[in-house]
Amino acid sequence: MDKITDKLAALPPNSNYFSLEFFPPKTQHGFANLHARLSRMAQALRPLFVNVTWGAGGSTSAKSLALAELTQRSLQLTTCLHLTCTNMSRRLVDDALEQAKALGVRNILALRGDPPRSDEYRDDSGDQEALEADDSNKDFMWAVDLVRYIRKQYGDYFCIGVAGYPEGHSDQSHPEHQSVEHDLPYLVEKAAAGADFIMTQLFYDVEAYTRYERRLREHESGLFKTIPIIPGLMPVQSYQILRRTTKLSHAALPPDVLKRLEAVKGDDEAVKRVGVDIITEAVEKMKSVPNPGPRGFHFYTLNLEKVVTQILERSSLIPPATPIITMPDSNGGPDHAIAEEETDGFLIVERSKQNCNHRRGSSVKNSQPRNRVVVSRDRASSTSSTHTSAFEAPEDEAGVPRDQINSRANTLAISQGEGAVGREATWDDFPNGRWGDVRSPAYGEIDGYGVSLHASIPEANRLWGQPGSIGDISTIFRNHLEGEIDAIPWSEEALQAETLTIKQHLLALVEKGWWSVASQPAVNGKRSNDPVFGWGPKNGFVFQKPFVELFLPASDWEVLRPKLDADEQVTYFAGNAAGDFVSTDEHSVNPVTWGTFTGKEIITPTIIEAVSFRSWVEEAFGIWAEWQRVYKPGSESSRLLERVRKDYWLVNVIHHGYLEEHALWERLLSA
C-alpha cells in the first residue's frame, strides 16, 4: 500500500494525517546526518508519507533519487518524488520515472519547473540536431503535459499529485496575473488529465486557503469535489527565513501574524515559539473545516526537526505507535485483539499471548529493531529464531535498549533539545543557509532547489538592465549597496542593517572593480538583542570575525594573493569557474559568528571552510551563467557575462583579529 491514495482510502473519513518534505543535502556529511534525522523522525512522528524535492531543470536529480532510495527502501517510508519537466534533458524525465519505479516509489508530484527557455539553455558547442531532439521543452511546456505523459506511459502505476496555489501562482510568464481564478483552468486540466491529489504552496493566510478550498470543492466542473487537497505549511525557523521565503513565493503575511512576529524578531528562540503557535492555530482552524475525506497537512521541514515536531505534538497529529492488532485464536476460535502498551519505547505484550505459534504483527510499518518486545529469558533463548530475536528483549535487558528509542513520551523532550538525542536533533537549530555547518542536513539554500536567479526575465532586466561593460556591472553592485535596487543575482534581499555599518568599505572595493556578494563587520560582545547585530535568545552576547567574499579579475587576484599569504591573521579560500581552488589552509574550519547564552553551549551559526566554499563556488559561477541566459545568445551583455565568468575568481577573506575593527578593510584596500 505505497500509493498515497490507497493509504488515504484506508484512513477513517474524519481522521487527520500529515506528511513531511525534505530536500537532498548538498554535502555527504549533511546526507549522512539527514539519514539519522529521518530515521529518528520516522520512528517518533510516523508521517503518512514524505516528499523528496527535485531541482529545477533536473539540477538535483542524482541526489533526489538517492534520497528517495533512502526514504523508500532503507526507511520504508512511503515516498512522493517531485519531478519537473522543463529546461532539461528529455531523457532525464524517462530515466527519473524508471528509477522511481525500480526503487518502489509509486507517487510523483508532477511540476513544470521554470518557464521553458530552450534558446537560452541551448549549448551551441554540441550536435544541434541531437540537442534539439533531447530538449524536454518540445514535449513538456506545462505540468499537465507531464501528468498526461505519466498516465500514458505507466497507466495507474503512479499516484500523481499536482501543485495548487491558494493565493495564485506568481509565474514569470504572467507575473501581473497572480490570482486563483487565473490559475483555475490550468488546475482543471491537470485534474482531468489524471491528477490524484493536490498539494498546495506554502501559505500563512488561513482565510485565503479556506476560500481557495471552498472554490475548488464548489467548482462547476465537479472535478474537485472529493480529490484530496493537502495544504502546505512551512514552520517558522527564523524571522529572516520567513521574510525571504514569503518574498520568493509571493505568500502574504496577514497583519496579525506579522505583528506577532515583528514583536519578537530580535529573539530567534521567541520567533520559533510564536511560529509554533501560529502554525498550530492554523492547523486547528483547518481541522474544523468540513472535508470529504481525511484532513491532511503537509510540512516543509527545511530538513530541520525541532519546530515541526513541536507543531505536530501540539496539534495532536502524531498517530498512535501501537494500534490494536487483531490476532487469530490459537484454538481456531474467532479473531481477538491484543492490547499493546508503549512504555519508554518498549512494547509490552500480554504474557499469556507470548507463546502463540505465529509471528507478531508489526506495530508500525516503519519499525526497526529499535522497538522490541519484552519476553522472558527462557523464551528468548529457546523459542526465538535468529530473525525474530532481533525484535525481542529479555526481561533482564529491558532497561538497556540496543539503540536510542524515540517514543511518543519523549518526542517533545527531544525536540526541546533534552538529553543526548535532543542535542542531536537540535544542534543545527539556527540554520544559516550556505554559511551554516556543512554537516547539517539543512546546509545550503533554504529551498534546496539548486542554482537560480530567483527573478523572472522581465524582473532581471528591470533590476540590472543590459550591462555592456565592466563599469556597468560595477554600477549594479554600487546601486545595491546604495539601496537603489533591492537585489543582485546572488542575493534577493536588500542590505541588512549590520552590512550598512561597513558600506563605505564595500563601496571602496567596488571602485577597485571588486564586487562583494557577502560580508560582515567585526563584533566584540554585543548583546544578543542588539537591534543591529543581535541574534539568538535575548540573554546572551554575540561575536563576529570580519570577512568579505568578492569577485575580482584573475590579474588582481595574482597581486592580492601573496599579500594575504604574508598576513598571519588572514585565512582565505578562492576558486574559479574552471574548478581551480587555493587556500591558506584547506583543512581549516573557521567559525566567524558565535554566541554565548545562559545555560547553553556556544552556538556557531556561521562557519567558513573548504567543503562549503567549494560547493558555493560552483553555484556562484552557475548564477553568472543563469544571468547570462537572460540575454539573447551572442548579444553584448551575454558575451560580457561569459567573459567575466571565465576570468574572475571568487575569494573569501577572513580576518581573525576581530578586536581590530578596520584591519580587514585596510589590508584589502591597500593592496
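Predicted model: local features only at pLDDT ≥ 70, side-chain atom pairs only at ≥ 80, totals over all residues.
**Figure 1. Helix α9 and its packing partners.** Helix α9 spans residues 206-217, a run of 12 residues. From its first C-alpha to its last it reaches 16 Å, close to the 16 Å expected at 1.5 Å a residue. The buried residues of α9 are Val206, Ala208, Tyr209, Thr210, Tyr212, Glu213, Leu216 and Arg217.

**Figure 2. The N-terminal cap of α9.** Asp205 caps the N-terminal end of helix α9. A side-chain oxygen of Asp205 lies 3.2 Å from the backbone nitrogen of Glu207.

**Figure 3. A stacked pair formed by Trp515 and Tyr648.** The model holds 22 aromatic pairs. One of them joins Trp515 and Tyr648, whose rings are stacked, with 5.0 Å from centre to centre and 10° between the planes. Trp515 belongs to strand β15 (residues 515-520), whereas Tyr648 lies in the loop between α24 (636-647) and β23 (649-655), so the pair ties together parts that are 133 residues apart in sequence. Trp515 counts as buried because its relative accessibility is 0%, under the 20% cut-off. Tyr648, at 5% relative accessibility, also counts as buried.

**Figure 4. An edge-to-face pair formed by Phe551 and Trp624.** The ring centres of Phe551 and Trp624 are 5.4 Å apart and the planes meet at 80°, so this pair is edge-to-face; the angle is over the 60 degrees that this class requires. Phe551 is part of strand β18 (residues 547-552) and Trp624 is part of helix α23 (residues 610-628), so the pair links parts of the chain 73 residues apart in sequence. Phe551 has 0% relative accessibility and therefore counts as buried. Trp624, likewise at 0%, counts as buried.

**Figure 5. The aromatic cluster that contains both pairs.** Trp515, Tyr648, Phe551 and Trp624 are among the members of one aromatic cluster. The cluster also includes Trp464, Phe477, Trp490, Phe621 and Trp627.

**Figure 6. Charged side chains over aromatic rings.** Lys512 places its charged end over the ring of Trp514, 4.6 Å from the ring centre. In a second example, the charged end of Arg614 sits over the ring of Phe581, at 4.3 Å from the centre of that ring.

Conventions. Residues numbered from 1 in each chain as written. Heavy atoms only, no water. Helix = DSSP H or I, 4+ residues; strand = E, 2+ residues; numbered from the N terminus. Expected span 1.5 Å × (residues − 1). Buried < 20%, exposed > 50% of the residue type's maximum accessible area, 1.4 Å probe, protein only. Polar contact = N/O pair within 3.5 Å; in protein donor to acceptor, adjacent residues only side chain to side chain. Phe/Tyr/Trp six-rings, centres within 6.5 Å; stacked < 30°, edge-to-face > 60°. Lys NZ or Arg CZ within 6 Å of the ring centre and 35° of its normal.
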